[in-house]
Amino acid sequence: MATQKLNDIELLLQEKNELVLQEPAWYQQLKAAVNELINHHFDDLLQLLYRVDVSEAKLRQLLHDFPAADAAGIIANLLMERQLQKIKSRREHAQRDESIPDDDRW
């Protein structure tokens with residue numbers, strides 16, 4: 001079961017389209033999968049957060065600042081935020097400087 005939920009989350013996080021990442025249905029799927037990990041496979045959730053590179057300090061602060069908030073929602077938001085950062089970074093680094101001749105490019 002944990003493996004399936006991890007696979008579900010990893011598939012959701014492979015999404016490269018920013019518009020899809022901001023759709024409520026995508027978010028609800030992610031949140032439900034995170035909630036399952038919180039309730040039944042917490043160690044797997046911690047490993048996922050480490051692999052995706054979610055800021056532990058930011059997560060701790062948000063959970064501390066909003067103790068009544070849904071933890072799955074907070075974590076899903078951080079995962080979505082991190083994925084959007086990765087998409088933006090890849091797009092910025094993928095843009096080639098056309099002023100550099102092809103022979104001089106790495």
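Q: How many residues does the largest nonpolar core have, and which have the most contacts inside it?
A: This is a predicted model. Its largest nonpolar core has 25 residues. Those with the most contacts inside the core are I9, W26, L30, V34, L48 and L79.

Q: Which elements give two or more residues to this core?
A: Helices α1 (2-13), α3 (24-40), α4 and α6 do.

Q: And where does the largest share come from?
A: From α6, with eight residues.

Q: What does L79 touch, leaving out residues up to four places away in sequence?
A: L13, L30, V34, L48, L49, V52 and V54.

Q: OK, helix packing. At what angle do α4 and α6 pack, and how far apart are their axes?
A: The angle between α4 (residues 42-52) and α6 (residues 71-94) is about 25°, and the axes are 11 Å apart. Angles under 35 degrees count as roughly parallel, so α4 and α6 are roughly parallel to each other.

Q: Is the crossing left-handed or right-handed?
A: The α4 and α6 crossing is left-handed.

Q: Which residues make the contact?
A: On α4, L45, L48, L49 and V52. On α6, I75, L79, R82 and K86.

Q: How does that contact split by class?
A: Six nonpolar residues, two charged and no polar ones.

Q: Switching to Y27. Where does it lie?
A: Y27 is in helix α3.

Q: Buried or exposed?
A: Buried: Y27 has a relative accessible area of 16%, and the cut-off for buried is under 20%.

Q: What is Y27 in contact with, leaving aside neighbours within four places in sequence?
A: G73, A76 and N77. Y27 and G73 are 46 residues apart along the chain, with 8.7 Å between their C-alpha atoms.

Notes:
Residues numbered from 1 in each chain as written. Predicted model: local features only at pLDDT ≥ 70, side-chain atom pairs only at ≥ 80, totals over all residues. Heavy atoms only, no water. Axes fitted to C-alpha atoms, helices over the stretch in contact; angles between N-to-C directions. Helix = DSSP H or I, 4+ residues; strand = E, 2+ residues; numbered from the N terminus. Parallel < 35°, antiparallel > 145°, perpendicular 65-115°, else oblique. Left-handed = near helix turned anticlockwise from the far one by under 90°. Contact = heavy atoms within 4.5 Å. Nonpolar A, V, L, I, M, F, W, Y, C, P; charged D, E, K, R; others polar. Core = buried A, V, L, I, M, F, W, Y, C linked by side-chain atoms within 4.5 Å. Buried < 20%, exposed > 50% of the residue type's maximum accessible area, 1.4 Å probe, protein only.
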